[in-house]
Amino acid sequence: MFSCLAQAPVPSSDEIRRIAAEVVARDYFRIDEARDASEPPLWLVIFKWIIKPFVALFELLDGLPDVLRWLIVIGAVILCIALIAHITYVLMAAVRGPGAGSRKGYTPPETKLDPQSLERSARERERDGDYIGAIRLLMRAATRRLEIAEERPFRPGVTNRQVLRRYQATPLFEPLKILVEVIDRKWYGGEPCTETDYAICQQQHALIRDYAQARRRPVAA
């Protein structure tokens with residue numbers, strides 16, 4: 001087999017040039033032709049594709065006054081641009097995530113609650129016998145009162161222990177410590193929570209409430 005291949009005649013250089021010329025002369029090889037000047041540029045093709053729906057809308061409104069037709073088409077164009085800009089902005093914001101300024105001023109939804117509403121809910125839980133649920137609401141009400149008094153919200157996801165460490169060198173440490181330890185033992189630890197536990201935590205919450213009200217800045221008239 002290899003001997004047959006070795007004995008195959010090698011085409012001459014003239015034959016090779018002739019075959020190459022035949023190949024490049026085919027329609028899909030336009031290497032020697034300039035671009036047809038009558039063909040529109042690519043940007044114009046894209047532009048025509050974009051405005052095609054609006055042209056169809058203009059023609060669909062045939063029979064209306066020309067001014068009204070133009071107003072409707074222009075309004076549709078503005079609406080589409082606004083929609084595309086909004087979608088682009090939302091996608092870019094989702095990719096970037098919240099900015100530093102947004103994160104700094106972010107307040108979790110639960111901290112926007114009225115502490116008095118939380119305290120009323122705690123009393124309702126206490127009447128229903130859900131003492132640990134009532135104590136947890138008292139803790140939320142206490143931290144919310146501190147946020148309002150200090151005009152400084154806690155960061156999102158802060159834990160009760162982190163709140164406790166924040167007030168370690170203040171008179172709030174002991175009442176907060178009692179609330180946090182009861183929640184740790186009764187809620188997370190699964191110990192039974194009694195009416196006595198709630199009464200103790202209610203007293204500690206009252207101390208925190210009075211402290212926060214005393215520190216709260218007076219509202220200017």
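Q: How accessible is Arg 152?
A: Arg 152 has 46% relative accessibility, so it counts as partly exposed. On this scale buried means under 20% relative accessible area, exposed means over 50%, and partly exposed is in between (1.4 Å probe, protein chains only). Bear in mind that this is a predicted model, where local features need pLDDT of at least 70, side-chain atom pairs count only at pLDDT 80 or more, and totals for chains, interfaces and linings use all residues. Residues are numbered from 1 along each chain as its sequence is written, and side-chain values use heavy atoms, with hydrogens and water left out.

Q: And which residue does Arg 152 form a salt bridge with?
A: Glu 150, with the closest N and O atoms 3.6 Å apart. A salt bridge here is a side-chain nitrogen of Lys or Arg within 4 Å of a carboxyl oxygen of Asp or Glu.

Q: How many salt bridges does the structure hold?
A: It holds 12 salt bridges. One of them links Glu 191 to Arg 185, with 3.3 Å between the closest N and O atoms. Glu 191 also meets Lys 186 in a salt bridge, at 3.7 Å from N to O. Salt bridges that share partners join Arg 185, Lys 186, Glu 191 and Asp 197 into one network.

Q: Within that group, is Lys 186 buried or exposed?
A: Lys 186 is buried, at a relative accessible area of 12%. Glu 191 is partly exposed at 36% relative accessibility, and Arg 185 is partly exposed at 37%.

Q: While we're around there, where does Asp 184 sit?
A: Asp 184 is in helix α9. Helices (H or I, at least four residues) and strands (E, at least two) are DSSP runs, numbered from the N terminus. The relative accessible area of Asp 184 is 24%, so this residue is partly exposed.

Q: What does Asp 184 touch?
A: Leaving out residues up to four places away in sequence, Asp 184 touches Arg 161 and Gly 189. Contact means heavy atoms within 4.5 Å. Asp 184 and Asn 160 are 24 residues apart in sequence, with 9.2 Å from C-alpha to C-alpha.

Q: Switching to cysteines: how many disulfides?
A: The count comes to 0 disulfides, a disulfide being a pair of cysteine sulfur atoms within 2.5 Å.

Q: OK, packing. How many residues are in the largest nonpolar core?
A: It has 29 residues, and those with the most contacts inside it are Ile 135, Met 139, Tyr 167, Leu 176 and Ile 208. A nonpolar core is a set of buried Ala, Val, Leu, Ile, Met, Phe, Trp, Tyr and Cys residues joined through side-chain atoms within 4.5 Å.

Q: Which elements give two or more residues to this core?
A: α6 (115–127), α7 (131–150), α8 (160–166), α9 (173–188) and α10 (195–215). α7 gives the most, with 11 residues.

Q: And what does Tyr 167 touch?
A: Not counting residues up to four places away in sequence, Tyr 167 touches Leu 146, Glu 150, Phe 154, Leu 172, Phe 173 and Leu 176.

Q: How do α7 and α10 pack?
A: Their axes are 9 Å apart, at an angle of about 10°, so α7 is roughly parallel to α10. Axes are lines fitted to C-alpha atoms, for helices over the stretch in contact, and angles run from 0 to 180 degrees between N-to-C directions. Angles under 35 degrees count as roughly parallel, over 145 as roughly antiparallel, 65 to 115 as roughly perpendicular and the rest as oblique.

Q: At what angle do α6 and α7 cross?
A: Roughly 170°, with the axes coming within 8 Å, so α6 and α7 are roughly antiparallel to each other.
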